[in-house]
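Dear colleague,

Please find the structure below, handed over for your study. My notes come after it.

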Number of protein chains: 2
Amino acid sequence: MSAFDDLLAFQRQTEALSSVAERLGWDQETVMPRGATEQRAEEMGAMESVLHERRTDPRIGEWLEVAEPRTEAEARAVELIARDFTRKNRVPARLASEIARVTSLAQGIWAEARANDAPEEFLPTLDNVLMLKREEAAALADGGDLYDALLDDYEPGATGAGVAALFDQMRPRLVALREDVLGAENQPAALTGHFPHDTQLRLARACASAFGYDWSRGRMDIAVHPFSSGRWQDSRITTRVVETDPFNCFYSTIHEVGHSSYELGIDEDYAFTPLGRGVSLGVHESQSRIYENQMGRSRAFSGWLFARMHDAFDGLNVANAEEFYRTVNRVTPGYIRTESDEVQYNLHIMLRFDLERDLIAGRLDVADLTEAWNARFLKDFGVAVDRPANGVLQDVHWSVGLFGYFPTYALGNVYAGCLNAAMRAAVPELPEALARGDAAPGVEWLRENVQRHGGLLPPRRLIEEATGGEVGPEALLDYLEEKFGRIYAL
Amino acid sequence: MSAFDDLLAFQRQTEALSSVAERLGWDQETVMPRGATEQRAEEMGAMESVLHERRTDPRIGEWLEVAEPRTEAEARAVELIARDFTRKNRVPARLASEIARVTSLAQGIWAEARANDAPEEFLPTLDNVLMLKREEAAALADGGDLYDALLDDYEPGATGAGVAALFDQMRPRLVALREDVLGAENQPAALTGHFPHDTQLRLARACASAFGYDWSRGRMDIAVHPFSSGRWQDSRITTRVVETDPFNCFYSTIHEVGHSSYELGIDEDYAFTPLGRGVSLGVHESQSRIYENQMGRSRAFSGWLFARMHDAFDGLNVANAEEFYRTVNRVTPGYIRTESDEVQYNLHIMLRFDLERDLIAGRLDVADLTEAWNARFLKDFGVAVDRPANGVLQDVHWSVGLFGYFPTYALGNVYAGCLNAAMRAAVPELPEALARGDAAPGVEWLRENVQRHGGLLPPRRLIEEATGGEVGPEALLDYLEEKFGRIYAL
């Protein structure tokens with residue numbers, strides 16, 4: 001065995017253990033008895049401890065020094081292992097464990113404060129989390145920019161400055177589009193009615209199948225916050241059911257199918273190697289978004305969904321497929337990011353990105369965060385935040401230490417915009433297939449050009465090779481203006 | 001921290017990891033997508049490798065040498081860790097891994113051979129498994145008896161000679177009872193009809209609740225072969241549904257509730273310590289059997305079940321509760337252990353025990369096993385085995401290397417007999433409660449006298465302290481003769 005083979009064999013077992021930990025997380029959110037929380041915390045803690053020990057094992061350093069990769073894929077595997085090893089070793093064990101301890105408590109405190117609409121119950125804890133994360137960022141940055149060091153964990157190669165420049169390009173056109181849409185005369189109708197649980201689930205399964213979800217390597221369960229989980233031969237999705245809002249169920253499902261299909265679509269030779277996962281959160285989100293929005297909320301697919309829903313629910317309050325398309329894409333004012341639409345979503349992200357970048361840089365104090373949030377929301381959305389639960393308290397991310405995570409949602413949208421333009425050009429028959437409830441031509445193009453590569457190429461290069469062009473916001477903005485211009489007769 | 005504390009802290013994490021591995025096994029048998037088998041094999045392999053490394057970690061030996069337990073419970077914890085450490089270190093890693101490899105293949109070969117009714121496809125593999133298990137037994141026995149070394153893994157303290165003597169006492173009375181029952185004039189009717197899947201599951205849940213199953217620390221799913229899984233705050237059960245045979249579902253459920261309740265009933269101070277699991281397979285089986293048989297198939301509880309089934313299925317082909325009690329306890333000739341009744345079950349075990357003891361001792365060749373099985377079955381059951389799938393190929397155990405496991409089923413029945421006599425004397429109100437569908441008085445007695453102790457006392461001593469008498473077969477045999485004497489009017 002060469003040093004490279006030893007390294008990969010060791011890594012393979014680490015990947016298998018990390019997959020076990022992920023499966024345990026799935027269990028916790030879907031099927032675990034409610035009385036098992038302490039036990040599960042100990043089980044997760046034990047798994048994390050084993051994983052941390054393996055990821056910082058000094059033998060990795062020794063193998064890396066002498067490993068001789070023979071192919072481009074092997075060289076990339078070595079690069080990814082070295083990157084992870086360096087990062088894990090830069091953070092002192094004491095700090096890592098303190099962050100784990102504090103954030104696990106902070107999540108509960110945040111949830112309670114949100115329920116009570118009382119930021120003062122949470123902000124002192126957030127201050128503590130922020131202090132620890134800045135310490136971690138300093139350790140990771142090794143003299144470089146703190147925010148970049150955190151962002152790099154989720155979107156390798158991206159920088160705060162780069163994202164800021166991208167967002168500056170996007171903001172004016174998004175703000176203008178939002179104003180035009182909300183001011184338009186002819187507003188789409190809302191869907192109303194009662195949509196029974198089991199019928200929703202049956203249609204959600206049909207949606208997942210329409211997008212090629214491989215049921216032999218996955219399953220669908222109910223979760224409070226939908227997520228997908230797992231890789232290779234076992235990537236499961238979850239959905240939720242609100243009996244007054246079936247779109248929530250169907251589009252959550254299609255979104256998670258996008259995530260899961262990415263993992264299931266990776267070349268199986270990469271399974272349990274460093275190349276065997278989606279390469280970044282941004283690219284992951286590009287898959288979930290292009291499934292959900294560019295394909296799922298297209299005129300073609302929504303026509304198919306209209307017919308299915310019309311049958312399943314014995315009629316709808318929306319008259320025809322064209323009206324239904326407008327309803328599916330309805331834009332309304334709102335405070336909540338997760339309930340937002342294609343037009344406004346990125347504005348929610350930009351707000352969070354600017355605030356968290358200032359927090360990490362020390363330009364903004366947690367004590368001033370609520371005011372900063374409210375001022376910015378008023379500026380971008382034109383309405384005042386009515387209560388903290390709809391403002392600074394709405395997202396879980398910061399409580400669990402996820403700084404640098406938010407921009408990957410918008411990067412995913414930008415990547416999806418680029419990919420959609422290329423996919424539409426390459427697969428002219430896609431609308432016809434989507435109208436039959438068959439996303440296969442699009443899914444196949446994405447599998448071939450994005451998904452199968454796993455971690456082989458860095459995120460930006462992956463998208464650029466797939467699209468044959470630079471990554472930029474124009475494709476997404478053009479798509480949004482064209483689509484919503486037509487829907488709202490602008 | 002003292003050496004004892006260090007040892008227990010290390011052990012605690014090992015217990016948590018072993019609990020994760022068990023949860024992974026549950027996932028595989030209940031919810032895992034069918035295409036995930038290779039991935040799961042790698043995940044289980046990685047967990048086993050981590051667990052093996054921890055269980056043979058030289059630091060355990062160092063801690064054990066200087067650990068100073070302060071209480072009886074701590075002394076017992078040290079004893080159990082030392083026992084496991086010694087056993088794990090006696091088996092060379094090469095042999096352990098070869099056994100894992102060969103038995104995982106052998107199970108598939110056995111299943112195929114059973115489906116084809118072709119012992120010749122399986123016996124060469126069994127010969128290989130037997131050779132490896134004899135090698136393992138020799139390593140474990142350290143000069144002592146080979147079979148005892150294997151049996152000790154499942155029923156610490158039991159010996160082949162002791163079990164043989166026990167069985168010799170039981171066999172004549174069981175054979176005589178079986179002949180009387182099968183020859184009796186007035187045979188109970190069989191239950192016939194169609195019993196819909198969902199209704200069976202609903203009643204199975206009611207049965208589990210009647211036996212006090214704690215749904216906040218468990219759940220019920222479907223599995224091909226019912227089992228229970230987990231401990232402390234998370235012990236799950238499974239059942240199966242055959243639409244022509246609802247007793248299969250209800251009594252499997254009650255049986256597994258017995259196993260799970262044992263784990264859930266252990267003093268929570270013992271959680272994730274060496275005392276935090278059921279102490280042996282025999283004691284485990286005593287709980288499942290006393291729930292299923294002595295309580296579940298009693299006249300009192302079957303009266304409650306009759307009324308529930310009569311309602312749920314719109315009538316039954318059995319006229320009244322007294323007839324129903326006879327039907328529930330119907331004894332019929334049959335080849336299959338798992339379909340057997342209280343009268344014949346132990347005879348099935350004795351046959352396997354004698355054969356496997358001869359195999360391990362080298363007194364019986366695998367080449368002669370089929371003939372030996374058939375001859376013994378004819379002798380004990382009075383009928384010739386019709387085909388190998390109903391004879392030597394019927395059980396999975398030997399294929400996966402479980403030699404020394406079978407006798408624990410019968411030991412469980414013997415323990416259950418002893419416990420039942422003591423419980424009935426201590427809890428005279430039990431029949432009245434069971435007739436209302438409430439096993440709580442019995443369950444509480446078992447929890448107090450058996451379950452809560454976990455691994456604190458060795459199996460035999462545990463039963464003797466619970467019952468205030470010697471462990472022997474009389475209580476079980478008296479119970480069986482009394483019960484079936486009445487049912488069959490002997």
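The notes that follow cover a pair of helices and then a sheet.

This is a predicted model, in which local features need pLDDT of at least 70 and side-chain atom pairs count only at pLDDT 80 or more, while totals for chains, interfaces and linings use all residues. Residues are numbered from 1 along each chain as its sequence is written, chains are lettered from A and ligands numbered from 1 in the order in which they are written, and side-chain values use heavy atoms, without hydrogens and water.

In chain A, the axes (lines fitted to C-alpha atoms, for helices over the stretch in contact, with angles from 0 to 180 degrees between N-to-C directions) of helix H16 (residues 407-426) and helix H18 (residues 440-449) come within 10 Å and cross at roughly 120 degrees. Helices (H or I, at least four residues) and strands (E, at least two) are DSSP runs, numbered from the N terminus. H16(A) and H18(A) are therefore oblique to each other; angles under 35 degrees count as roughly parallel, over 145 as roughly antiparallel, 65 to 115 as roughly perpendicular and the rest as oblique. Contact (heavy atoms within 4.5 Å) is made by A:Leu419, A:Ala422, A:Met423 and A:Ala426 of H16(A) with A:Gly442, A:Trp445 and A:Leu446 of H18(A).

In chain B, three strands form an open sheet in the order E1-E3-E2, with mixed pairing (two strands pair if DSSP finds at least two bridges between them). E1(B) and strand E3 (residues 234-239) of chain B pair in the parallel sense over three bridges, and B:Asp221 stands opposite B:Thr238 in E3(B). Helix H10 (residues 246-265) of chain B lies across E1, E2 and E3 of chain B, at about 165 degrees to E3(B).

Yours sincerely
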